[in-house]
Amino acid sequence: MKIGYDAKRLFHNTTGLGNFSRDLIQILNRYYPENEYHLFNPKPKKIDRLAIDNKTIFEHLPIQFVDKKLSSLWRSKKCIKDLKREGIDIFHGLSAEIPVGIEKTTIKSIVSIHDLIFLRYPQFYKKIDVAIYTKKTKNALKNADLIVAISEQTKQDIIHFFNTDPKKIKVIYQGCHKTFKERATLETVNQIKKKYQLPEKFILNVGTIESRKNLISIIEAIKETDISLVVIGRKTPYYEKVASLIDQEGLKNQVYFLQGLSIEELACVYQLATIFVYPSLFEGFGIPIIEALYSQTPVITSKDGCFSEAAGPHSIFIDPKNYIALKNNITKLWNTPKLCNQMASDGLNFVQKFNDDVIAKQWQKTYINLLNEK
């Protein structure tokens, strides 16, 4: 079976969609090396985090001069001729897009939808971006043979915003990088603690520092406590609002901001954390939650949306806007090591449903079933 992929994010994005794309290809190739995985990349890669062996994994760039110059057009439409040339059986759009016109070929198509946050919270986006995302998503949902949502929440959003037939939508969860599933040595953990001058005990938040992630609720929750907070994520203009509150409340010595960590270093910080706190207003799924659970770190997160799907029944769920409730639960866990240990153990058992072999099997079955459909 020859499977083609829209590989723009895979070769050009270091987080989110890039990680999802790379992880999916790696686990599929590990468990089903009998397939061929063809990665269609519009531009020379910026990121080299996936081994291209040219035996089972192949990279394809635009060949013709005009396609190289108009790479976006090649990705959105003109690549179809390259898919045909390579004999692709199924094309998988990894990020809410498929080539325009692919429905007129014999190539089966799947599109992955991660979230529709741009429709739920349009105030967080530029109007032009909302219009572009909506148009691309609408085309993909209409013309793909199968839609795969990364959570039940995303499936319901697709139905709600686009009136899509539920029978056309399948849910397959995401996993996370294998590094988060491995326990670092004590020596390595101590090296990371020393390198980043981390406190002996701290709560952790991971994700882009933007309004939707709601970091301010955590800052409000640790006021008038001695609880340290470590934040790992890219800064946006929202950071200035966060920094202003930290300064106003005299919390500079309690809040640590880190950037540029390797995956191995990030995994160590997860393992060092006492509690992982994730009061995001909305997500398509919430990969940092399962990274924390694999790291055996108890989770406090938001009570609505997709969060229960990722965090499982043994995590703590709160109203993300109620910082008093957040504070009470952080304090409770902070002062109850036995409860932390039990949540960590239960969370690790729950998160096994996101293991690589489970996800790879679901995707392989999905590809085969689609290919066999008349």
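About 40 Å³ of space lies in the largest cavity of this structure, a volume being the space filled by probe spheres set on grid points that are joined across faces, edges and corners. A cavity here is a set of points on a 1 Å grid, over the protein atoms alone, where a 1.4 Å probe fits but cannot get out. This is a predicted model, so local features need pLDDT of at least 70 and side-chain atom pairs count only at pLDDT 80 or more, while totals for chains, interfaces and linings use all residues. Residues are numbered from 1 along each chain as its sequence is written, and side-chain values use heavy atoms, with hydrogens and water left out.

**The cavity**
- The structure holds one cavity of 30 Å³ or more.
- Its lining is made up of D6, F40, W74, R75, C79 and F91, where lining residues have an atom within 4 Å of a point.
- By class, that lining has four nonpolar, no polar and two charged residues; Ala, Val, Leu, Ile, Met, Phe, Trp, Tyr, Cys and Pro count as nonpolar, Asp, Glu, Lys and Arg as charged, and the others, Gly among them, as polar.

**The sheet**
- Seven strands form an open, parallel sheet in the order β3-β2-β1-β4-β5-β6-β7; strands are DSSP runs (E, at least two residues), as helices are (H or I, at least four), numbered from the N terminus.
- Strands β3 (57-60) and β7 (169-171) stand at the edges with a single partner strand each, so one side of each has no neighbour in the sheet; two strands pair if DSSP finds at least two bridges between them.
- Neighbouring strands are turned by 25° against each other on average, direction ignored; axes are lines fitted to C-alpha atoms, for helices over the stretch in contact, and angles run from 0 to 180 degrees between N-to-C directions.
- Strand β6 (residues 146-149) pairs with β7 in the parallel sense over three bridges, and V148 stands opposite K170 in β7.

**Helices on the sheet**
- Helix α8 (residues 152-162) lies across β5 (108-113), β6 and β7, at about 165° to β7.
- Helix α17 (residues 356-372) touches β1 (2-6), β4 (90-93), β5, β6 and β7, contact meaning heavy atoms within 4.5 Å.
- The direction of α17 makes about 145° with that of β5.

**Two loop residues with positive phi**
- N214, although not a glycine, has a positive phi of about 65°; N214 is found in the loop between β8 (203-206) and α10 (215-221).
- At 10% relative accessibility, N214 counts as buried (buried is under 20% relative accessible area, exposed over 50%, partly exposed in between, with a 1.4 Å probe and protein chains only).
- Q296, also not a glycine, has a positive phi of about 60° and lies in the loop between α13 (287-294) and β12 (299-302).
- With a relative accessible area of 35%, Q296 is partly exposed.

Terms used:
1 Å grid on protein atoms, 1.4 Å probe; cavity = no way out; pocket = protein on both sides within 12 Å on 5 of 7 lines; lining within 4 Å.
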